[in-house]
Amino acid sequence: MRLSRFPIATTKETPADAQVISHQLMQRAGYIRKLGAGLYTWMPIGKRVLAKIENIVREEMNAAGAVECFMPSIQPAELWQESGRWETMGEEMLRLKDRHGAEFCYGPTHEEVIVHTVRQDVRSYKQLPFNIYQIQTKFRDERRPRFGIMRAREFLMKDAYSFHMDAESLEAEYQNMRAAYVRIFIRLGVDFRAVTADSGNIGGAKSEEFHVLAGAGEDLLAVAEGGSYAANVEAAVTHAVGERSQPTAALSKVATPGKKTCEQVSNFLKVPLDAKVKLLVVKAEGGGLVAIALRGDHQLNEIKAAKHPKIASPLIMAEPAEVQRVFGAEVGYLGPVGAPADILLIADHAAAQLADFVCGANENDQHYTGANWQRDCAFTEACDLRMIAEGDASPDGIGTIKFYRGIEGGHIFQLGQKYTKAMGFTVLNESQQAVTPEMGCYGIGVSRLAAAVIEQSHDANGIVWPDAIAPWRVLICPIGADKSAAVKEASEKLYADLAAAGIEVALDDRGQRPGSMFADADLIGIPHRVVIGDKGLATQQFEYKHRKGAAAEMIPATLEAVLAKLG
C-alpha cells in the first residue's frame, strides 16, 4: 500500500476526553474517529487491524468445527419476553418501536434469536450437536461509555452458540471452545489468563473469562503464584483454613466513643483488623433481614452473597434507620453478641474461625473484646461470602494469590437449559421422547481486543503491534526519493519484491521529512521499518529497525536480508 493513496491523519495532541492509553493512541494515530458518546468510526487503517483480529477468530472457530451465520441486529421484543429477559436486562438494552408500534431491541447479545432460529428446523437428536457463530455488531447502552473502544456502546463481537443432547456433550464442546480461545489469544501475541468467572445476566452454571493483562484493565484477577488457579476476584472462592482456637480471654465491654469503622476501632483498641468481626445487614429473601459476619480486614463479595438462597437477589443493604430500630444501635456498632435472636446470622468462613475477637456491642459507642463463638454468640451457618485477598493461600492449596488487572476479551459459558427450556425448544431422543437440549455460549469482543492489545503493547512513542494484527508488517521509508533516482528505484523494487513474497508492506511515499516519517511509523506501530537513503545505498545497505528495538542497524540491501529480519 502506498501511503500517498491511503488516508492517514496523525496528530501530536492527545484528545481531551481520552483517559486511557489505547483511546489516546488510537485517535492520535488515526485508527478511529469519534461520532458520539461510545460511537466510533473505524478509519481505513483501523479497519485493517480489526479485519485481522476478525480473521484470526474466524479461522480458529472454523478449525474447531463451528459454522458461521449472520443474524439480525434488531430483535423482536417477543423473543426476550419469552425468555424472561425483556425486563431483567435493564437500561443497557436499547428498546425501540417500528412505525406499527411493535417493540424491538438493538441486540446486546443473541441467545434468544439463535434458540428461536434453531427450534424452527431442529427436531431430532440426529441433528445435534452443532456450534453456530457470527461476527456482528452489538449495542449496549452504557450509562457512562468511556475508554474509547474498550467501553463503547456499539462494538464488534463474535458470539457462538452450541446445542447438545446432554451435559457430557456440552462439556466436550466447552473444552473444545476453550482450546480454540487459547489458540486465538496466543496468535494475537498477548499475555493473557483464562480465569473462572461469574456468569452474570447471561446465566449458566459454569463460565470462564479470557483476560488480556494490562494495568488499565477494569477487572481484578486473582492468580496463584506458583500454581494454576486463576479467577476473577468476583468469582474466586475462599475456604476455611485451620481450626478455630479455644477461648482464652473474658468477654468485656469497652467504650469506643465515635469509633464506627473497623480501622478506627482497631487503632483505638490497638488490635489488628483481622481480630475484629463486623456485621453487615442485608435484606432476606422473602422479607426480613440477614446479618453477615465478616472479618474486619475482609470485604463482602456481593455476587456470592446474592447467590445465597436466604439472601435477596439482587443484594440490598438494609437502611440505617431499619438497622437502628432492629438492633438498637447505629451501623458501626453492630456485633453478633446480643444480636436479635430472630435475625439470621451467616458468618464468612474466616470470621467463623476467629477466637477472642472484637465486635460491636449493639450499643452506640460500645464494643466487646474477648468475644467467642458458641460461648458468647452463635451463627446459623458458615460459608464463603468474602472477596479473596492478595496473599491468601490459593483455593486449590497450590501457591499464593496475587492480583493482576485484566481486560476481558472473551467469555465462555455453559448455559445448560436456561434458554432452551424457557423458550420451549425440544427435540426427540432415540426413544422418540421430547427432551430439552443443553446449550453453550462463547463470546469474543473483537473490537475491544484491538484496544486491549494496545494497553499491553505500547511505549512513549506510540503503539507496538504484534506482527499478526499490525496494519502492515513492514514500512519502507525512502529518504529524499524526490531528489534521488537511486533511492526511488531501490524503494520501489523492495516494495514490489516484498509484496510478491506475500508480505504486507507499506511504502511511505508522501514526501515527508525523515523525522516526521519516523514519528508516524512509531505512532502507528508498524513492527518492521526499512529506511532507504543515498548514504546506505552507497555501501549497498538498508537501515532496519524493529519497533521494539532500541536502535537501528544496517543490513545488506537485499530482499533476503529483509525477509530474514521478519523471521
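Q: How far is the sulfur of C377 from the closest cysteine sulfur?

A: The closest cysteine sulfur to that of C377 belongs to C359, at 6.2 Å, which is too far for a bond. The model is a predicted one, in which local features need pLDDT of at least 70 and side-chain atom pairs count only at pLDDT 80 or more, while totals for chains, interfaces and linings use all residues. Residues are numbered from 1 along each chain as its sequence is written, and side-chain values use heavy atoms, with hydrogens and water left out.

Q: How many disulfides does a search of the whole structure find?

A: A disulfide is a covalent bond between the sulfur atoms of two cysteines. The criterion is a pair of cysteine sulfur atoms within 2.5 Å. The search of the whole structure returns 0 disulfides. C359 accordingly takes part in none, its nearest cysteine sulfur being that of C377.

Q: Is C377 buried or exposed?

A: Relative accessible area decides the matter: buried means under 20%, exposed over 50%, and partly exposed in between (1.4 Å probe, protein chains only). C377 is buried, at 7%. C359 also counts as buried, because its relative accessibility is 0%.

Q: How many aromatic pairs are there?

A: Rings of Phe, Tyr and Trp (its six-membered ring) pair if their centres lie within 6.5 Å; planes under 30 degrees apart count as stacked, over 60 as edge-to-face and the rest as tilted. The count by this rule is 10 aromatic pairs. One of them joins Y106 and F139, a tilted pair with 5.3 Å centre to centre and 35° between the planes.

Q: Which strands hold Y106 and F139?

A: Strands (E, at least two residues) and helices (H or I, at least four) are DSSP runs, numbered from the N terminus. Y106 lies in strand β6 (residues 103–106) and F139 in strand β7 (residues 130–139), so their pair ties together parts that are 33 residues apart in sequence. Y106 is buried at 17% relative accessible area, and F139 is buried at 7%.

Q: What is the geometry of the pair formed by F130 and F163?

A: The pair of F130 and F163 is tilted, with 5.6 Å centre to centre and 40° between the planes. F130 belongs to strand β7 and F163 to strand β8 (residues 154–164), so this pair ties together parts 33 residues apart in sequence. F130 is partly exposed at 24%, whereas F163 is buried at 0%.

Q: Which residue lies over the face of F518?

A: A charge sits over a ring if NZ of Lys or CZ of Arg is within 6 Å of the ring centre and within 35 degrees of the ring normal. R529 lies over the face of F518, 4.2 Å from the ring centre. The charged end of R193 sits over the ring of Y404, at 5.9 Å from its centre.
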